[in-house]
Amino acid sequence: MDLSVVLIIVIIIVLSIILAAIGAYVVIHSADEKETVLPQIDVSGQYAVLVKPAKESLSKVKPSSDEIKEWLASQPISEEEKASLLSQWEASLEETIKTIDEGDKNGTVTYRVIIGPRSSPFCNFMNEENYITREQIRNHSEILPPYVLGCDCKLVPKFPWENPGKAGWKPVIPENGMYRVPDWRNIA
């Protein structure tokens, strides 16, 4: 064999190896780019990795303690009653947050509201047979108690074995895209 033929064969082999290496490099790096997916933090449902905390959702739709104090200051009621109403509101809100946080840890996806006797006149947008999903809570946390000052409603997990049959599973449904939640400025 001639030296020039050997040289051409060596050059072809070296170029083939270089092109194969470039091809492998491109394939590996394009695969990494395809696998890079931005994490979704605000998701909901049973298979969610991380959901928006209940406290964050509720703080956007429920009045702050300062707002309540300001409104109560304008009402003709005793200081003891004002303090009691504010304390009840904060306790009810914390209990609701605790229930949802525990449910998120346990995988609870449906809840119901036990309507208290004092709050019953204000809660005509739902009844004892209604349930609320975690998805509804994420998107419309205004449907969670407390609803009014002095509210005695309580959020509890709703399990499939409770109230068997269709009567025990009625969703809370919005009217014209809105839930008819009472104005918090009422006193139960």
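The model is predicted. Of the contacts in the chain between residues at least 6 apart in sequence, 72% link residues that are at least 24 apart.

The secondary structure amounts to 5 helices and 4 strands. Read from the N terminus, these elements follow the order α-α-α-α-β-β-α-β-β. The chain has 188 residues, and 31% of them are buried. Its accessible surface is about 12100 Å², and carbon and sulfur atoms account for 61% of that area.

Two helix pairs involve α4. Helix α3, residues 65-73, packs with helix α4, residues 79-106, at an angle of about 155 degrees, and the two axes lie 10 Å apart. Because angles over 145 degrees count as roughly antiparallel, α3 is roughly antiparallel to α4. The crossing of this pair is right-handed. On the α3 side the contact is formed by Ser-65, Ile-68, Lys-69, Leu-72 and Ala-73, and on the α4 side by Lys-82, Leu-85, Leu-86, Trp-89 and Glu-90. Sorted by class, the residues of this contact are 6 nonpolar, 1 polar and 3 charged.

The other pair is α2 with α4. Helix α2 covers residues 54-61, and its axis comes within 9 Å of that of α4, with a crossing angle of roughly 140 degrees. This angle makes α2 oblique to α4. The crossing of α2 and α4 is right-handed. From α2, the residues in the contact are Ala-54, Lys-55 and Leu-58; from α4 they are Leu-93, Glu-94, Thr-96, Ile-97, Ile-100 and Asp-101. By class, the contact between α2 and α4 consists of 5 nonpolar, 1 polar and 3 charged residues.

Ile-132 belongs to strand β2, which spans residues 130-133. Is Ile-132 buried or exposed? Its relative accessibility is 1%, and the cut-off for a buried residue is under 20%, so Ile-132 counts as buried. Which residues are in contact with Ile-132, leaving aside its neighbours within four places in sequence? They are Val-109, Thr-110, Tyr-111, Val-113, Met-126, Ile-137, Ile-143 and Val-172. For one of these, Val-113, the C-alpha atom is separated from that of Ile-132 by 8.1 Å, with the two residues 19 apart along the chain.

How values were computed: Residues are numbered from 1 along each chain as its sequence is written. This is a predicted model: local features need pLDDT of at least 70, side-chain atom pairs count only at pLDDT 80 or more; totals for chains, interfaces and linings use all residues. Side-chain values use heavy atoms; hydrogens and water are left out. Buried means under 20% relative accessible area, exposed over 50%, partly exposed in between (1.4 Å probe, protein chains only). Contact means heavy atoms within 4.5 Å. Accessible areas come from the Shrake-Rupley method with a 1.4 Å probe; for residues, only the protein chains shown count as cover. Axes are lines fitted to C-alpha atoms, for helices over the stretch in contact, and angles run from 0 to 180 degrees between N-to-C directions. Angles under 35 degrees count as roughly parallel, over 145 as roughly antiparallel, 65 to 115 as roughly perpendicular and the rest as oblique. A crossing is left-handed if the near helix is turned anticlockwise from the far one by less than a right angle, and right-handed if clockwise. Ala, Val, Leu, Ile, Met, Phe, Trp, Tyr, Cys and Pro count as nonpolar, Asp, Glu, Lys and Arg as charged, and the others, Gly among them, as polar.
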